[in-house]
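Work through the exercises below with the sequence and the model open. Each task is followed by a solution in steps.

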Amino acid sequence: MKALPLTLLFLLIAANEAKVYTKCELLSILRGKGMDGYQGYSVANWICMAYHESRYNSRAVGPPNSDGSRDYGIFQINSRYWCNNNQGPTANGCNKPCSAFTNDDITDDIECAKRIVRDPQKMDAWVAWRNHCKGRDLSQWTRGC
């Protein structure tokens, strides 16, 4: 009988933990959602960027940026331009609350990333992509999947 409350506690803790995708798991999802070749970027670009932004953590929330905005989810979508966190001015270009990007269902994250990459900055909107992925051999990001 004592095991039941303990089991319930562990289930609650597990339910609140973030979904951290594996590279191959995320690759499969992104391919299925049409990200391979989207706006001219191979899926390896998205995998590389997501790794360097969030380590594939669907519930990642970055520290405050210099302008007070924050970054949310697996792609670290910025609250100043792309979502509303109710903590400052926002353009809310994806018309979503930032909390929509911090759950295990990354469908809306992918849709917002597609919106972001259609802007003039394209993938340059992600600093981690510019610093770690742009112009590099990205074959390691799809190898083995």
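**Exercise 1.** State what covers the buried residues of H4, and decide whether helix H4 is largely enclosed.

Solution. The model is a predicted one.
Step 1. The cover over the buried residues of H4 includes H2, H3 and S2.
Step 2. A residue is taken as buried when its relative accessible area is under 20%. In H4 the buried residues are Asp 108, Asp 109, Ile 110, Cys 112, Ala 113, Lys 114, Ile 116 and Val 117.
Step 3. That is 8 of the 11 residues of H4, so the helix is largely enclosed by the rest of the structure.

**Exercise 2.** Locate Ala 100, classify it as buried or exposed, and list its contacts beyond four places in sequence.

Solution.
Step 1. Ala 100 lies in the loop that runs between strand S2 (77-78) and H4.
Step 2. Its relative accessibility is 12%. The cut-off for buried is under 20%, so Ala 100 counts as buried.
Step 3. With neighbours within four places in sequence set aside, Ala 100 is in contact with Asp 108 and Asp 109. Both of these aspartates are among the buried residues of H4.
Step 4. For a C-alpha to C-alpha distance, take Tyr 72: 28 residues separate it from Ala 100 in sequence, and 8.8 Å in space.

**Exercise 3.** Describe how helix H2 (residues 23-32) packs against helix H3 (residues 43-54).

Solution. Two packed helices are described by the angle between their axes and the distance between the axes.
Step 1. For H2 and H3 the angle is about 135 degrees and the axes are 10 Å apart. That makes H2 oblique to H3.
Step 2. The crossing of the two helices, H2 and H3, is right-handed.
Step 3. From H2, the residues Lys 23, Leu 26, Leu 27, Leu 30 and Arg 31 meet Val 43, Trp 46, Ile 47 and Ala 50 of H3. Sorted by class, this contact has 7 nonpolar, no polar and 2 charged residues.

**Exercise 4.** Which residues touch the most other members of the largest nonpolar core, and which helix gives the most to it?

Solution.
Step 1. The core holds 36 residues, and those touching the most other members are Leu 26, Leu 30, Trp 46, Phe 75 and Trp 126.
Step 2. H2, H3 and helix H4 (107-117) each supply at least two residues of this core. H3 gives the most, with 7 residues.
Step 3. Take Trp 46 and leave aside its neighbours within four places in sequence: its contacts are Leu 30, Met 35, Tyr 41, Phe 75, Ala 113, Val 117, Met 123 and Trp 126.

Definitions and conventions. Residues are numbered from 1 along each chain as its sequence is written. This is a predicted model: local features need pLDDT of at least 70, side-chain atom pairs count only at pLDDT 80 or more; totals for chains, interfaces and linings use all residues. Side-chain values use heavy atoms; hydrogens and water are left out. Axes are lines fitted to C-alpha atoms, for helices over the stretch in contact, and angles run from 0 to 180 degrees between N-to-C directions. Helices (H or I, at least four residues) and strands (E, at least two) are DSSP runs, numbered from the N terminus. Angles under 35 degrees count as roughly parallel, over 145 as roughly antiparallel, 65 to 115 as roughly perpendicular and the rest as oblique. A crossing is left-handed if the near helix is turned anticlockwise from the far one by less than a right angle, and right-handed if clockwise. Contact means heavy atoms within 4.5 Å. Ala, Val, Leu, Ile, Met, Phe, Trp, Tyr, Cys and Pro count as nonpolar, Asp, Glu, Lys and Arg as charged, and the others, Gly among them, as polar. A nonpolar core is a set of buried Ala, Val, Leu, Ile, Met, Phe, Trp, Tyr and Cys residues joined through side-chain atoms within 4.5 Å. Buried means under 20% relative accessible area, exposed over 50%, partly exposed in between (1.4 Å probe, protein chains only).
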